[in-house]
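Me: I have a structure open beside its sequence, and I would like to learn how to read it feature by feature. Could you take me through it slowly, giving the general idea before each case?

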Amino acid sequence: MDTDQDLPRSVLLALWLQGVGDTSDAVKSVVGDDEPHTVEGLPGFADGTDLDTLFTAWTTGPREACALLPAPGDPAGVPAVANLEATEAGECVVVTTPAGSWAAVPRVQAFGSHIEPGHMVTWHVLEVPAWTTLLHGAIGSIADAERELRTSLMTATDALDQLDVARWRDDAADAIERIRAASTSSWPVPHLDGRRARVLDLASRLRAIVALGTVDDGGAVNVFQVDQRSTALREVDRTARHAMSAATYGRVA
């Protein structure tokens, strides 16, 4: 499992919807190494339109935007109409403009090989009810998120130490070092204030640790240990996902 700290596409899209200047820069940042993204379901446009059109449609006036990262059993603030599709994708963006509220869910199709991987991405746009109250009830504030992340970091570190992954996986030591050395300076995002940057950085590190710790059961000696560890890491991942969402929420007047 990949443990690098790449930000989810929805996180990038939500941040750029708030900080967009030149839409071409925003599109390049969200697309990254993917094939050009397409959009379907965007009101007023034919299916298969490009991501630049979505940016133009959603950044011409005041708006709210946020990335949501649901998981089975945890809708994480996703409106019910988009819950199934967003949970299958593991992510979506919700946005409100003067024209209404929508969720955009990335449908990702992988191709190529592990040596030369590729991805085709289509953003499926769904009309949703007003989502802000639901979001704040599920996610909380960014200040709350930052406090919870500190506790979760200790939990995750302890779980990783117990797993002793560096002993039972040849590639684990390198993965841990990448997590420790990763820097937000290379992230293709618009300018972030200090707290948002800190929360995104720590949440991303925690999700990378969880990915590393859940590859297999490592040195666990019994089923009880496996269950305890899995429960702890799931809670860490929930905290990190919610914190990442809180850090992406923003309103542009």
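Reply: Let us begin with the word contact, which here means that heavy atoms lie within 4.5 Å. Please keep in mind throughout that this is a predicted model.

Me: Among contacts between residues at least 6 apart in sequence, what percentage join residues at least 24 apart?

Reply: Of those contacts in the chain, 71% join residues at least 24 apart. The chain itself holds ten helices and seven strands, and buried residues make up 49% of its 253 residues.

Me: How should I read the packing of two helices, and at what angle do H1 and H2 pack?

Reply: The general idea is to take the angle between the two directions, where a value over 145 degrees counts as roughly antiparallel. Helix H1 (residues 9–19) and helix H2 (residues 23–31) pack at about 165°, with their axes 9 Å apart, and that angle makes H1 roughly antiparallel to H2. The crossing of this pair is right-handed.

Me: Which residues of H1 and H2 meet, and how do they divide into nonpolar, polar and charged?

Reply: From H1 come Arg9, Leu12, Leu13 and Trp16, which meet Asp25, Ala26, Ser29 and Val30 in H2. The residues of this contact divide into five nonpolar, one polar and two charged.

Me: At what angle does H1 pack with H3?

Reply: H1 and helix H3 (residues 51–58) pack at an angle of about 45°, and their axes are 10 Å apart. Because of that angle, H1 is oblique to H3. H1 passes H3 in a right-handed crossing, and the residues that meet are Leu13, Trp16 and Leu17 in H1 with Leu54, Phe55 and Trp58 in H3. In this contact the residues divide into six nonpolar, no polar and no charged. Leu13 and Trp16 are listed in the contact of H1 with H2, and they are listed in the contact of H1 with H3.

Me: Which residues does Asp74 touch, not counting residues up to four places away in sequence?

Reply: With those left out, Asp74 touches Arg238, Arg241 and His242. The side chains of Asp74 and Arg241 are joined by a polar contact of 2.9 Å, and the side chain of Asp74 makes a polar contact with the side chain of His242, at 2.9 Å.

Me: Where is Ala89, and with which residues is it in contact, leaving aside its neighbours within four places in sequence?

Reply: Ala89 has its place in helix H4, and with those neighbours left aside Ala89 is in contact with Val105 and Pro106. Its relative accessible area is 31%, and so Ala89 is partly exposed. The C-alpha atoms of Ala89 and Leu69, which are 20 residues apart along the chain, are separated by 8.8 Å.

Me: Finally, is Ala253 buried or exposed?

Reply: With a relative accessible area of 93%, Ala253 is exposed, and Ala253 lies in the segment after strand S7 (250–252). Ala253 and Glu64 are 189 residues apart in sequence, and in space they are 8.7 Å apart, C-alpha to C-alpha.

Notes:
Residues numbered from 1 in each chain as written. Predicted model: local features only at pLDDT ≥ 70, side-chain atom pairs only at ≥ 80, totals over all residues. Heavy atoms only, no water. Axes fitted to C-alpha atoms, helices over the stretch in contact; angles between N-to-C directions. Parallel < 35°, antiparallel > 145°, perpendicular 65-115°, else oblique. Left-handed = near helix turned anticlockwise from the far one by under 90°. Nonpolar A, V, L, I, M, F, W, Y, C, P; charged D, E, K, R; others polar. Polar contact = N/O pair within 3.5 Å; in protein donor to acceptor, adjacent residues only side chain to side chain. Buried < 20%, exposed > 50% of the residue type's maximum accessible area, 1.4 Å probe, protein only.
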